[in-house]
Amino acid sequence: MQKMETDSSLLSSEVDLEQQELYQQLLLQTMETRQSKIPESKVIRPQPGLCVKTLTLPDKQKVFVNICQSATVPTPPQLSREKLVELLESEDPSGYRVPMSLGEPHTEVDNSFQGCTAYDVVISEDFFQKCVKDPLFQQFLIAVSLEGLENKYNLELSRDWKVLKNRKFLGSVNEQNIRTNRKPVIQEINSRDTHTAPAKRPEFCLLVEPPAGDPEFLIAEIQLPGVASSRSLVLDLGEDRLVLNARPSLFHLDCFIPVFIDQEGSVALYNTNTQILTVTMPVVSS
């Protein structure tokens with residue numbers, strides 16, 4: 001296995017034979033999980049929000065983006081206007097992620113009776129209401145929506161957009177299938193007496209499997225000294241984010257993952273002897 005350089009603070013230690021065997025067990029279990037489980041999902045009908053007109057580049061084909069709202073989509077972390085300004089001026093504005101569902105393209109007819117392509121983007125109802133009240137947040141929302149469509153469908157969209165004043169949606173509002181997030185169950189082996197430790201960011205490393213070519217699995221190895229049982233761990237996985245809390249306030253880890261992962265197929269195991277949490281995450285091919 002080779003290490004993926006994602007953060008200067010990542011732990012750089014050799015993986016011993018015992019850990020390699022553990023990884024193999026987790027990989028086999030993860031593959032069985034992916035083959036036997038159907039991802040949980042929920043069908044929603046979003047509410048219209050605003051309609052944005054833009055063009056594809058370089059062929060300048062007309063595109064409409066329907067930004068919709070739904071209470072089913074998670075709300076992003078709280079963000080003040082001052083923090084948004086700092087974020088936009090930072091070197092990495094992509095550090096703040098807005099949960100959204102990106103629908104398939106559908107053909108529509110515009111007011112000139114010309115054929116065009118429309119995309120539906122669904123975001124949190126609360127975050128949408130916040131964006132429409134502040135022009136800066138609205139511009140940010142449109143920018144991240146266009147970026148999401150570009151990444152998913154390999155597009156290039158003009159940033160010279162126009163928000164339609166008298167239309168909230170182009171076409172018919174379609175149902176969307178939203179995958180529901182589920183926390184992977186943390187399995188435990190052995191047990192040990194607990195003791196308290198000051199809250200801090202744990203040391204961790206990320207490994208890729210296979211070591212050459214396109215990665216199929218991303219493995220996070222997180223050191224949690226002082227954590228006696230998996231019952232004190234709360235693990236949440238997003239498509240490109242890992243959040244771990246060790247109660248009571250022992251450790252907190254919130255990191256973005258350099259690839260998109262399959263949350264439903266992920267497996268977590270906590271070894272109480274080594275006090276290491278190993279999370280095996282299938283990589284979603286682009």
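Predicted model: local features only at pLDDT ≥ 70, side-chain atom pairs only at ≥ 80, totals over all residues.
The protein comprises 286 residues, of which 45% count as buried, and its secondary structure consists of 4 helices and 17 strands. The accessible surface amounts to about 15900 Å², with 48% of that area belonging to carbon and sulfur atoms. Among contacts between residues at least 6 apart in sequence, 65% join residues that are at least 24 apart.

An open sheet is formed by 3 strands in the order E13-E14-E15, with antiparallel pairing. Strand E13 (233-238) and strand E15 (251-256) stand at the edges and have a single partner strand each, so that one side of each is left without a neighbour in the sheet. Neighbouring strands of this sheet are turned by 5° against each other on average, when direction is ignored. Strand E13 and strand E14, the latter covering residues 241-246, run antiparallel and are joined by 6 bridges.

With regard to the cysteines, the structure holds 0 disulfides. Cys68 is in no disulfide, and the nearest cysteine sulfur, which is that of Cys51, lies 9.1 Å away, whereas a disulfide would require the two sulfur atoms to be within 2.5 Å. Cys68 is buried, because its relative accessible area of 0% falls under the 20% limit. Cys255 is likewise buried, with a relative accessible area of 11%.

Technical notes
Residues numbered from 1 in each chain as written. Heavy atoms only, no water. Helix = DSSP H or I, 4+ residues; strand = E, 2+ residues; numbered from the N terminus. Buried < 20%, exposed > 50% of the residue type's maximum accessible area, 1.4 Å probe, protein only. Contact = heavy atoms within 4.5 Å. Areas by Shrake-Rupley, 256 points an atom, 1.4 Å probe, with all protein chains shown as cover. Pairing = 2+ DSSP bridges. Axes fitted to C-alpha atoms, helices over the stretch in contact; angles between N-to-C directions.
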